[in-house]
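Hi there,

Here is the structure I promised to pass on. Have a look at it first, and then read on for my notes.

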Amino acid sequence: MADTFHFDVLQNEKYGRYLVASKDLDAGELIFTDTPYSVGPKADSCPLCLGCYSPVENKMCSKCGWPVCSDECEGTAAHGDECAVFSAAKVRFQPVSDWTATAPQLDCISPLRLLLAKERDPERWQRELEVMETHTQAREQRPTWAVDQVNIVNFLVDHCKLGARFDKDLVQRVCGILEVNAVEVPSRGGFSVRAIYPRLAIAAHSCVPNIVHTILSDYKVNVRAAVPIKSGEILHLCYTHALSPTIVRQEYLLESKFFKCDCERCKDPTELGTHLSTLKCQKCDNGVILPINSLDSESVWKCTETKCEFKTSSAAMRKMLAVVQTEIDQMDSLEPGPQSIEQREAFLKKYKCVFHPRHALPLSVKHSLAQLYGRAAGYALDELPDLLLERKAALCRAVLAALDAIMPGQTRMRGMMLYELHAPLMFLARSEFGAGLITQEQLKDRLQDPIKCLAEAALILKREDPQCPEGIIGQIAQQSMEQLKESIESLS
Ligand SMILES: [Zn+2]
Ligand SMILES: [Zn+2]
Ligand SMILES: [Zn+2]
Ligand SMILES: [Zn+2]
């Protein structure tokens with residue numbers, strides 16, 4: 001397949017280099033594909049195989065003594081060049097006591113791979129990587145600079161004897177390129193690694209993105225329009241978790257990506273009417289609490305009721321969100337079971353009078369619940385009473401409504417939620433028909449909604465790698481839609 005390019009690269013003061021559409025694009029249209037310059041472990045990764053990135057324990061490469069899971073992985077191209085470096089310098093991975101804890105020794109791998117790739121293809125480096133942003137001055141002020149200097153720069157140059165090939169400034173720059181530009185991607189085994197995509201890295205950030213990217217099995221990436229985009233419009237990716245509140249996104253972007261986002265969503269205290277940041281006032285009946293200036297990380301938050309005096313600080317807000325997030329993370333870390341639903345419903349009740357019903361944190365719990373109803377033990381779809389089928393449908397709709405505002409168009413999450421939504425709609429229609437509440441004609445009519453959900457879910461998710469969970473759901477959605485259509489036709 002020939003490479004598709006429907007973008008131009010422009011440059012300005014605000015974004016540096018950025019991408020615009022070079023023609024009118026339809027929702028879902030492929031804009032470009034991108035091949036990673038290199039792939040490797042994330043910073044703070046636990047020990048993993050340097051061939052396939054699955055977790056390993058006590059299994060080492062027979063040549064260099066660094067973690068690999070099998071003979072096959074020992075021979076992968078990704079590991080080949082670094083294997084030669086470590087073997088020549090006789091630098092081995094030092095065994096660790098806990099193989100599930102982060103291993104700073106691995107922090108040198110991704111920078112080393114980038115350096116070796118530069119050596120292999122200096123022209124591509126010149127064309128695609130040399131121009132990448134590194135935020136060196138800002139990084140120098142951070143405590144991580146000194147840590148990188150010891151664990152990565154000195155380790156590679158002095159310990160691994162690479163001084164004749166790479167100088168220390170270059171190695172620090174490579175650390176900066178990775179920190180600022182790398183994208184987190186799932187490996188085949190489902191573990192998270194990071195990759196440098198030369199084209200994707202140019203796309204500017206917005207908290208309301210208009211493009212989506214799909215990672216394929218060989219780490220190639222397809223970048224598509226999520227919504228219709230006019231020729232000349234800026235292509236925006238979201239560098240952070242789009243379903244998090246502004247104060248959390250702003251902190252992440254400043255800390256990790258070295259810029260302050262001032263997009264329309266960040267500027268609006270109500271987050272474009274989604275209320276993903278809004279709290280309920282505890283001191284009056286109808287007030288809600290919003291920041292006076294959502295772009296100011298130290299803004300005062302106050303009640304919207306003119307008669308109410310309630311105020312709080314951004315620091316208190318951050319602290320409260322972190323505590324509640326920890327509670328959510330704890331629920332997420334448990335094995336799914338009947339208690340996964342009960343715990344989350346109890347969580348929503350507990351925080352009902354703290355958060356606006358559409359706040360990002362309860363919304364993320366609703367997102368999990370939407371997937372658990374119908375799956376968790378004791379809550380299989382055909383066992384769910386109508387009331388819980390309606391609950392599942394309402395949870396899906398709550399997530400979809402937020403997505404429409406902040407991540408519009410054909411996104412993976414929309415595809416997954418539409419797939420979840422089709423099931424309760426289908427079961428509810430059949431249950432009402434079974435109870436004699438609707439006629440056969442009305443049943444046929446009602447089943448058009450789940451068909452629409454499945455059709456769109458299949459359209460979106462079939463673009464994913466067929467081996468990944470979303471790609472598998474895409475194929476199931478397609479089959480379910482065909483079966484449902486057949487079953488409607490067989491109703492005479
Ligand atoms: Zn492996
Ligand atoms: Zn090796
Ligand atoms: Zn923003
Ligand atoms: Zn109030």
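**What turned up in the model**

Let me start with one pair of residues in a sheet: Leu290 sits across from Lys302, which belongs to strand 13. Please keep in mind throughout that this is a predicted model.

The two strands behind that pair are strand 12 (residues 288-291) and strand 13 (residues 300-303); they run antiparallel and are joined by three bridges. They belong to an open sheet of four strands, with the order 11-12-13-14 and antiparallel pairing. At its edges stand strand 11 (279-280) and strand 14 (311-313), and each has a single partner strand, so one side of each has no neighbour in the sheet. Helix 10 (residues 314-333) packs on this sheet, where it touches strand 11, strand 13 and strand 14. The direction of helix 10 makes about 75° with that of strand 14.

**Two zinc sites**

Which residues hold the zinc ion (ligand 4)? Its protein donors are the SG atoms of Cys281, Cys284, Cys303 and Cys308, which lie 2.3 Å from the ion. Along the chain, these donors follow the spacing C-x2-C-x18-C-x4-C. The angles among the four donor atoms are 104 to 116°, and the site of the zinc ion (ligand 4) is tetrahedral.

The zinc ion (ligand 1) is coordinated at 2.3 Å by Cys49, Cys52, Cys69 and Cys73, in each case through SG. The spacing of its donor residues in sequence is C-x2-C-x16-C-x3-C. What does this site tie together? Cys49 is in the loop between strand 4 (38-41) and helix 1 (71-74), while Cys73 is in helix 1, so the pair links parts that are 24 residues apart in sequence. The site of the zinc ion (ligand 1) is tetrahedral, with angles of 105 to 115° among its four donor atoms.

Are Cys49 and Cys73 buried or exposed? Cys49 has a relative accessible area of 0% and is buried. Cys73 is buried as well, with a relative accessible area of 8%.

**Helix 11**

Lys349 has its place in helix 11 (residues 338-350), and at 65% relative accessibility it counts as exposed. Between Lys349 and Pro362 there are 13 residues in sequence and 9.9 Å in space, taken from C-alpha to C-alpha.

Glu345 is also found in helix 11, but this residue is buried, with a relative accessible area of 18%. Buried here means under 20%, so Glu345 falls within that class. Setting aside neighbours within four places in sequence, Glu345 is in contact with Leu369, Tyr373 and Arg391. Thr274 is 71 residues from Glu345 along the chain, and their C-alpha atoms are separated by 21 Å.

**The domains**

Finally, the overall layout. The domain assignment gives domain 1 (7-35 + 197-237), domain 2 (39-195), domain 3 (250-316) and domain 4 (373-490). The C-alpha centres of domain 1 and domain 2 are 27 Å apart. Their contact takes 10 residues from domain 1 and 15 residues from domain 2.

Key:
Residues numbered from 1 in each chain as written. Chains lettered and ligands numbered in written order. Predicted model: local features only at pLDDT ≥ 70, side-chain atom pairs only at ≥ 80, totals over all residues. Heavy atoms only, no water. Donors = N, O, S within 2.8 Å, 3.2 Å for Na, K, Ca; no water. Tetrahedral: all angles 85-135°; square planar, octahedral: opposite > 155°, others 65-115°. Buried < 20%, exposed > 50% of the residue type's maximum accessible area, 1.4 Å probe, protein only. Pairing = 2+ DSSP bridges. Contact = heavy atoms within 4.5 Å. Axes fitted to C-alpha atoms, helices over the stretch in contact; angles between N-to-C directions. Domains from an automatic or database assignment.
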